[in-house]
Amino acid sequence: MYRYIIKRILFLIPTVLGVVFIIYFVMNITPGDPARAMLGSSAPQADIDKLNHELGYDLPFLQKYFNYIYNMVVKQDFGISYFTRQSVFAEIWPRYIVTINLALMGVVLSSVIGIPLGIYAAVKQYSLWDTVPSIFAFLIAAVPSFVLGMILLFVFSLKLNLLPSYGITSFSNYIMPALTISIPPAAMNLRFTKSSMLESIRQDFVRTARAKGAPEKIVIWKHALKNAMLPIITNIGLNLGMLIAGAVVAEKLFSIPGIGSLIVDRITYKDEPVIIAGTILIAVCFTIVMLMVDVIYAYIDPRIKAKYARMKG
Amino acid sequence: MNELILDIDDLSVIYKTDLETVKAVNGINLKIGKGKTLGLVGETGAGKTTTALSILKLLPENTGKVTSGNVKFEGTNLLEMNEHEIREIRGGQIAMVFQDPMTSLNPVMTVGDQIAEAIIMHNEGLSKGEIEKRIDEKLTMVGILPSRKTEYPHQFSGGMKQRVVIAMALACEPKLLIADEPTTALDVTIQAQVLMMIKELRNRLGTSMLMITHDLGVVAKICDDVAVMYAGEIVEAGTVHDIFLGEDHHPYTEGLFGSIPNLSSRTKRLNSIPGLMPDPTNLPEGCIFAPRCKYCMDICIRVHPNTVFDETHSLKCHLFDGKLRRDKQEGKSEKQ
């Protein structure tokens, strides 16, 4: 098991190398340059070349790639932003904390809303407890999150004046963005949980548990739910991974300084160091989340644990 | 027959969906004496498992429904019990061993925990040590090393899993054990082992048993009484002696015996009963076996036969209408 975890963590190295390479490559084949973006279209070509040279943008892309890897590994230096001329790390880190906070809130909220409703819908299949939340989930899943966010803004900020509409100065600032990003995954959680539970409830061992005289409470929570957990956990992991990559829409809508909107903004300026550092961070987090999902799998299902243990090196 | 432990009277069960109504069990009568073993024989889809599930009220909630009849366990009607009362019975007084040991154990719980669950459910106030002791006892009883209780079902072979299921069922020393084709999913050498174990445990613990099977060999080995089920009805019932050695048989029972391959005569093809079981959504008006019966008469197609009795032996066939004594009282509930 530990070998497996270490192996997975070591896999991060090629992942990061690949991420950096892909970004330099894509930046290289797309038109535009940072100096032109900063100085404007009327600036003379000489100035632009000069600035590009100062930034180090005009180097061949393989050289830039190896330089970056070298600085990152040896000096733990993620470079200087082309655009703000600040240390990339200093620029990204505070934003990343904001994004992680928001993502965690979103995931917790979506699980707390979606999973119990899904379990209940499966247990009370065909009753109102099933049909009403399920139909609602269908509707919500079809609504884009920016529409949802705007409705929230309109109701709670503009009409009721209860919640602040932008910034991240206090906890109340997080409420609406967290809701906006958590409702669609909550609907997805509901549907995943429901189908997974329905499948698990029909299993023979659930009938065995009933035949033992186990009360319904134990049958559902101990026998059925634990076996239905795997797909649900996968879904939660994917949600978290997606939200850590930045909820660009919600960040833009509520003017939250998160990592998603930062990367999107800097793509216009071809701010390679910021984009790369941001993407590395996202890739690392995503890998860790997925690894956590796998470890939880092994914890829940002894068959998977046995499989990990059997795997050699 | 001496004191009855289980008395099923005129039980009918349907499965109802939006599209159709399946008549799974149609007015059956079954009696199991204390300490006796009844074999319920019939082909797949005859309603054997449905009968067993309705005894414990484990029919699928949304579709399965008992439409008539009583299931009396030591005199009390199980069908009238509420959820709480039937839970006391399940696992405690009546336990069930299911057909497929591969799927009837929870894959994410250790076998020890699963046995413990049955024990705790029906014996409140046992200390941890006592429970552990009981688990060890039960596992030893079915021939599994107690040290394996911390293992998970996937670490056991099929035969071993069925032993665990049996240990679980016998954990609270039930008065009645329902074994629903306990050996069907196992391979032949393991079948014999498990069967002998069931027989031995039954004799030792004095448990009454309802043995559901389609294997007449199993019946001959361990049952006292036999009921032959076809398309939701009991077409013939009696002691093992009546069924295996008696003269008169329902044509379906004859067919069942006829389809056992004979070692002494070499035949190219195995015998089988021609045709298929009738569609349970649309049962024939007359005798349910008439379409496949080689003795089929005019009356068989029109009139549903009544049960005729000869002491312990009962038959539901027009062939025997005049020959055997007819019991009016029992017969009336069989009319449809």
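This is a predicted model: local features need pLDDT of at least 70, side-chain atom pairs count only at pLDDT 80 or more; totals for chains, interfaces and linings use all residues.
Residues are numbered from 1 along each chain as its sequence is written, and chains are lettered from A in the order in which they are written. Local features need pLDDT of at least 70 and side-chain atom pairs count only at pLDDT 80 or more, while side-chain values use heavy atoms, without hydrogens and water.

**View 1. A salt bridge joins Asp271(A) and Arg266(A).** A salt bridge is a side-chain nitrogen of Lys or Arg within 4 Å of a carboxyl oxygen of Asp or Glu. Here the N to O distance is 3.1 Å. Asp271(A) is buried at 0% relative accessible area, and Arg266(A) is buried at 8%. Buried means under 20% relative accessible area, exposed over 50%, and partly exposed in between (1.4 Å probe, protein chains only).

**View 2. Asp7(B) pairs with Lys31(B) in a salt bridge.** Their closest N and O atoms are 3.4 Å apart. Asp7(B) belongs to strand 1 (residues 4-16) of chain B and Lys31(B) to strand 2 (residues 21-33), so the pair ties together parts 24 residues apart in sequence. Strands are DSSP runs (E, at least two residues), numbered from the N terminus. Asp7(B) is partly exposed at 22%, and Lys31(B) is partly exposed at 31%.

**View 3. Glu74(B) and Lys34(B) form a salt bridge.** The N to O distance is 3.6 Å. Glu74(B) sits in the loop between strand 4 (64-73) and strand 5 (76-77) of chain B, and Lys34(B) in the loop between strand 2 and strand 3 (37-41), 40 residues apart. Both residues also belong to a network of salt bridges with Glu3(B) and Lys175(B).

Key
Helices (H or I, at least four residues) and strands (E, at least two) are DSSP runs, numbered from the N terminus.
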